[in-house]
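Please look over the sequence and the structure shown here before reading on.

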There are 2 protein chains.
Amino acid sequence: MTIRAAELIQAKRDGKELDAAQLTELILAYARGEVPDYQLAAFCMAVYFQGLSSAETFALTDAMVRSGASIALGEALGRKVVDKHSTGGVGDKTTLAVGPIVAACGVPFGKMSGRGLGHTGGTLDKLEAIPGFRVELTLDEFVAQLRETGLAIIGQTADLVPADKLLYGLRDVTATVDNVSLIAASIMSKKIAAGADAIVLDVKVGDGAFMKSLADARVLAETMISLGRRAGREVVAVLTDMEQPLGRAVGNALEVREAAATVRGEGPDDFTELVLDSCAHLLALSDLEITEEEGRRRAEAAVADGSAFDAYERWVRAQGGDPDLAALPKAPLIREVFAQRGGYVQELAALPVGLAAVHLGGGRRAKDDAIDHSVGVVCLKKRGDAVGDGEPLAEIHARDETSAEQAAADVLAAYRLGDEEPRARPIVLDTLA
Amino acid sequence: MTIRAAELIQAKRDGKELDAAQLTELILAYARGEVPDYQLAAFCMAVYFQGLSSAETFALTDAMVRSGASIALGEALGRKVVDKHSTGGVGDKTTLAVGPIVAACGVPFGKMSGRGLGHTGGTLDKLEAIPGFRVELTLDEFVAQLRETGLAIIGQTADLVPADKLLYGLRDVTATVDNVSLIAASIMSKKIAAGADAIVLDVKVGDGAFMKSLADARVLAETMISLGRRAGREVVAVLTDMEQPLGRAVGNALEVREAAATVRGEGPDDFTELVLDSCAHLLALSDLEITEEEGRRRAEAAVADGSAFDAYERWVRAQGGDPDLAALPKAPLIREVFAQRGGYVQELAALPVGLAAVHLGGGRRAKDDAIDHSVGVVCLKKRGDAVGDGEPLAEIHARDETSAEQAAADVLAAYRLGDEEPRARPIVLDTLA
């Protein structure tokens, strides 16, 4: 295979289109260890410069799915199963609130999640802030819980999409992450293999997200929608704001608390809006056969009548966790960050807040770093909020004074205050259906 | 280092210029095994698309030299030592004729050569056609022979430029060979480490060469001249024709025979001209302090008075070989290829003749293939020669009928005959001094 791989690299380097058989052979041989990392690294860099056509992107995605096991949740349950995916941002605990609300509306929600790296958190890390919560279920346990509880969120099992795992690790250290086709294939191969019938994709846009511009986010969303549909899935994508952290809480236990509050109707405005909007899309895609408006209404009702929070508690218990919010770990030290002047919050940059949470010990700089689930940042004031001189802008939840002080300085610097009230920006920037 | 290497790859991918310290760190860490192949593969592909500035190319060359040992032949001998290098072609036995003539003129000629791969032959393989000839000398033996005989041609020792050896193997299987900076750095790092003071570079142009156009060859030649001069070497480059095989003989023992004949003044016109032109440049660069015209005159005299052939015999004996041409291996079977019509040879394509010699067993398809030194092709007619219908065009020297038949068909197809005498094309297309 070594010689043929070199030919495929050269063809891509020279801007030629590879056919599905060639891409399948390359990816499957790589997953079997028959094509070495260095050839895939050169291939990915050639793709970075020459791109992949939509046919090539689908063939790559399909080959990655075929590199391992996959499940058909709809068949296993005899029901349409829904799933959501976010491209990642700061304070993004959407899955933790959306899952219980959708389940409370009678629609099975089954999802495999990832861990955080760098400034973007990971759903699995947040779930593990809940004492006792098990994210590593077998596929059989996953399906059984989905059948019984209507909701299961677990880590990706090792036998799903092994080619993506290899390729993602390689791209990470060879400066070949930033390519829309490779990103879309990585995300969608996992979604397709994980087996949901309908998927809502939340593509984040802004300084705290992977996609910095709306135009780039739209291209990624359209690519993923097309990949999902070619694989027979129903897909809706929302482009959402990540110029500031989502909600107020950034940090694992803090985010669980905020998600649970939102499920009870006590969440911050921007996060609540995103959660209800996502639920509306998921319910409209489900076998309830209702409109998005009706989906939104039912989601609001499930929050209002407490059935969503009941679903939250049932789900956490089903995965071995303690749903009592008082059981969540608490940081020993809470320090406030005070405004140095009065005015309106013009900007609250997401990236430095995310990095502050990492530096507090709440995230990973390298793959195998341990995480302190208790620490993080609570942004008391967000864009557009009025602030008095000396009023608290944020809380730092820290392990010690040293890390608290650094985080306070970083978070203060993330705020820009001014005299004029800034123009309101919606959380959902666009919807692609 | 892994993280920093990823940053350097990304910087190059994004078209930024790396500084000498960064390139040195990357290459030396790679040579020490601290940066993995997959990062260098991605780096080389980024270089393929973004190129290297001349400062970067020099830093890369310098780092490759510093990855291993190097020698200063001029210091070791107390004399200026000259060397030549060819970018490779079909029938290129120039070194075997130039070395003895230059040595006969009293100028030390010390060279490290390579082996052939694919349709281009390698000087070491040709030398090993001579019974007993040893190409693997230690550095001390190399210097001692150069001092005593004035001429030594050996294989590159393992401790010279190990980074190039690693990098070249990697580029070969990742479609990253075709970049002028990487090619120039690879060649010149070896020339610089091998220690000659003055170098003549023979850049071949045409279908049998790596560079297909004169413009590309010129860019490569200029890049190599600049690298050599920055490293304190005197360099002249000649751009020479490789649209047809050089001389008549293609195949190891056949080429030794032709080179020896040329040293005695009995060589084919094009090859003789290239040899004398190269000798003139080398003698002008030497410590004889003479002009090129005087160099040419002395080279012609050394051929005419037999001192060049004496030098040939002394040199071959010094390296353990038998200089008797009758001792060279002979193929069991010689088959003629006949013209299918009369006329003039319009073209004799170099590449298919080179490949025919490989298929006869005279070259390597893969790195570790064994070589039959006796086989090959003798082109009796070359471009511009008149041919009668049914007259022999070439001889195939083969091991057996089957391979002879295939080679005869391939060589016949390499000839294009026509009615008009084609315009003469000089062997030396240009000289860059």
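Helix axes are lines fitted to C-alpha atoms over the stretch in contact, and the angle between them runs from 0 to 180 degrees between N-to-C directions; helices themselves are DSSP runs (H or I, at least four residues), numbered from the N terminus. This is a predicted model, in which local features need pLDDT of at least 70 and side-chain atom pairs count only at pLDDT 80 or more, while totals for chains, interfaces and linings use all residues. Residues are numbered from 1 along each chain as its sequence is written, chains are lettered from A and ligands numbered from 1 in the order in which they are written, and side-chain values use heavy atoms, with hydrogens and water left out.

In chain A, helix 16 (residues 350-362) packs against helix 17 (residues 401-414) at an angle of about 175°, their axes lying 9 Å apart. Helix 16 of chain A is therefore roughly antiparallel to helix 17 of chain A, a label for angles over 145 degrees. By class, the contact of the two helices has 8 nonpolar, 2 polar and 1 charged residues, where Ala, Val, Leu, Ile, Met, Phe, Trp, Tyr, Cys and Pro count as nonpolar, Asp, Glu, Lys and Arg as charged, and the others, Gly among them, as polar.

Side chains of opposite charge can pair when their charged atoms come close. Over all chains the structure holds 63 salt bridges, each a side-chain nitrogen of Lys or Arg within 4 Å of a carboxyl oxygen of Asp or Glu. One of them joins A:K12 and A:E56, at 3.1 Å from N to O. Because A:K12 lies in helix 1 (residues 2-13) of chain A and A:E56 in helix 4 (residues 54-66) of chain A, the pair ties together parts that are 44 residues apart in sequence.

Where chain B meets chain A, the contact takes 22 residues from each of the two chains. The buried area (accessible area, 1.4 Å probe, lost on being put together and summed over both parts) is about 1800 Å², of which carbon and sulfur atoms give 72%. In chain B, the residues B:R13, B:Y38 and B:F49 lose the most area to chain A, together 35% of what that side buries. Across this interface there are 2 salt bridges, including the one between A:D178 and B:R13, whose closest N and O atoms are 3.1 Å apart. Helix 1 (2-13) and helix 3 (37-50) of chain B each supply at least two residues of the side that touches chain A, and the largest share of that side, 10 residues, comes from helix 3 of chain B.

Notes:
Contact = heavy atoms within 4.5 Å. Buried area = accessible area lost by both parts, 1.4 Å probe. Parallel < 35°, antiparallel > 145°, perpendicular 65-115°, else oblique.
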